[in-house]
Amino acid sequence: MKIVGIAACTSGIAHTYIAKEKLLRAAESLGHEIHVETQGTIGTEDELQLDDIKNADVVIIAADIKVGGKERFKGKKIVEVPTHVVIKSPKGLINKIQQDLGL
Amino acid sequence: MKKLQLKKHALTAISYMLPLVVTAGLLIAIGNLTDGSVISDYKAPYSIPDALVSLGVLGMGLIAPVMAAGVSYSIADRPGIAPGLFMGLIANSIGAGFLGGMLGGYLVGYFINWLKASIKVPKWAEGLMPMMIVPMVSTTVIGLLMFFVLGVPIVWLSDWLTSTLRGLQGGSSFIFGAVMGGMAAFDFGGPVNKVASLFADGLLLEGVLGPEACKICASMIPPFGVTLAWIINKKKYTKQEADNIKIAFPMGICMITEGVIPIAANDPIRVIGACTAGGALGGALIMLMGVGSPVPSGGMFIVPAMDNPVGFLIALGAGTVLTAAILVITKKVPVETPIVDEEEEELDFSEVVITG
């Protein structure tokens, strides 16, 4: 699968980046292609490229708060979860999505 | 109810409010330490410390507006910001504090969504919708509601809460402190900590300083306790954990608990248990000894600005020792270096839905 994602937590200095790392590691170890943007208190980092969004099979939004720029994902399959889900079980989530999408 | 995502809206608002509270708090602390006081007459001469304290106090006045605007923005997107700020100002004026601000934010946010969905205007007037109709109508309707209806019970609730907490003596204050401290230490800056934190910040605005001191103390106990446990028995920690502890300690001095997360992630039950117990003890002692903090954040640097700083250090020390003791006793010597990709927890994904 090709995945794009956003991570954002309340304090915007810790869980955001942990969630990103977990998603990246899990996806790569399962052989998926992934790009994750962080929306921390410092602002948006590693902003998603339009091409990556266009080619993505699914958008994973791991956030405890409202994220910006959702209009970029118009017409995409979107999965929204709190950050703790991808921190605790990133592979489980990705596998579940893959199963549901039948990819 | 779940669809409404009430919690997400509150967390969004808190995330916008945090830098504001920290900055305002530190400004007040630095100003107070350098002998400043709030400027009452701007025509008379004033010093830099006076200016710092005043700026901090002005910033504290922004808490309710920013909370309200944050909640309302989370619900209604951009059109929510301006009416939300108004609701926060109302909350400040009628003495409904941050609770009133949050409530105003929810109401105005949902009202705006309803307006956007239900008002249809002719083509030529479409530009007026976001610029005038939506903000004006929502601010007026919910604003009047806040002034004349909702303000009354909220003020009553705020007053009741404040006077109850002010009146806490002996055993009940001990328990209150323990709950505050335990919550603040439980998830290292996560949602539970933020609830305790928000509560303490709100009470600070009402002039109740004890809970804020509980929060500060209990936020520093986890990094300090983990560090002390590591110093006592280094064998029980892997190289990676030790590296994390070396980062977590200086963060802890500045009251940033998040440094403990990687250590807790490696061994959640023991670390969280030990930290919560230490935080609870620290919080309880704070309330018992009547320690108060006029500043919501800043760690060791603001201890001199507190009421009863020695009591604060005693509570911090006791909590740290308890956390460290539990860790030293319960922690096992690692068999092998844990792999970075630790085992996953079993989660129920039945509520995870793919949309679009």
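This is a predicted model: local features need pLDDT of at least 70, side-chain atom pairs count only at pLDDT 80 or more; totals for chains, interfaces and linings use all residues.
Colleague: What is the strand order in the open sheet of six strands?

Modeller: The order is 3(A)-2(A)-1(A)-4(A)-5(A)-1(B), and the pairing is mixed.

Colleague: Which strands are at the edges?

Modeller: Strand 3 (43-45) of chain A and strand 1 (354-355) of chain B are the edge strands, each pairing on one side only.

Colleague: How many bridges hold strand 3 of chain A to strand 2 of chain A, and in which sense do they pair?

Modeller: Three bridges link them, and the pairing is antiparallel; strand 2 of chain A covers residues 33-40. Within this pair, Gln39(A) is opposite Thr44(A).

Colleague: And where chain B joins the sheet, which way do strand 5 of chain A and strand 1 of chain B run, parallel or antiparallel?

Modeller: Strand 5 of chain A and strand 1 of chain B run antiparallel and are joined by two bridges. Val79(A) has Ile354(B) as its bridge partner there.

Colleague: Turning to helices, which strands does helix 1 of chain A lie across?

Modeller: Helix 1 (residues 15-29) of chain A lies across strand 1 (2-8), strand 2 and strand 4 (58-63) of chain A. Its direction is at about 180° to that of strand 2 of chain A.

Colleague: At what angle does helix 1 of chain A pack with helix 4 of chain A?

Modeller: The angle is about 60°, and the axes are 8 Å apart; helix 4 of chain A spans residues 90-101. The two helices of chain A, helix 1 and helix 4, are therefore oblique to each other. Helix 1 of chain A makes a right-handed crossing with helix 4 of chain A.

Colleague: Which residues meet there?

Modeller: From helix 1 of chain A, Lys22(A), Leu23(A), Ala26(A) and Ala27(A) meet Pro90(A), Lys91(A) and Ile94(A) of helix 4 of chain A. By class, the residues of this contact are five nonpolar, no polar and two charged.

Colleague: How many residues of chain A are in contact with chain B?

Modeller: There are 29 residues of chain A in contact with 23 residues of chain B. On the chain A side, helix 1, strand 5 (78-81), helix 3 (83-88) and helix 4 each give two or more residues. Helix 4 of chain A provides the largest share, seven residues. The side of chain A that touches chain B comprises 11 nonpolar, nine polar and nine charged residues.

Colleague: Lastly, what is the reach of helix 12 of chain B?

Modeller: Helix 12 (residues 268-289) of chain B has 22 residues and extends 31 Å from first C-alpha to last, close to the expected 32 Å. Just after helix 12 of chain B, Gly290(B) adopts a positive phi of about 70°.

Technical notes:
Residues are numbered from 1 along each chain as its sequence is written. Chains are lettered from A and ligands numbered from 1 in the order in which they are written. Two strands pair if DSSP finds at least two bridges between them. Helices (H or I, at least four residues) and strands (E, at least two) are DSSP runs, numbered from the N terminus. Two residues are in contact if their C-beta atoms, placed from the backbone, lie within 7 Å. Axes are lines fitted to C-alpha atoms, for helices over the stretch in contact, and angles run from 0 to 180 degrees between N-to-C directions. The expected span of a helix is 1.5 Å times one less than its number of residues. Angles under 35 degrees count as roughly parallel, over 145 as roughly antiparallel, 65 to 115 as roughly perpendicular and the rest as oblique. A crossing is left-handed if the near helix is turned anticlockwise from the far one by less than a right angle, and right-handed if clockwise. Ala, Val, Leu, Ile, Met, Phe, Trp, Tyr, Cys and Pro count as nonpolar, Asp, Glu, Lys and Arg as charged, and the others, Gly among them, as polar.
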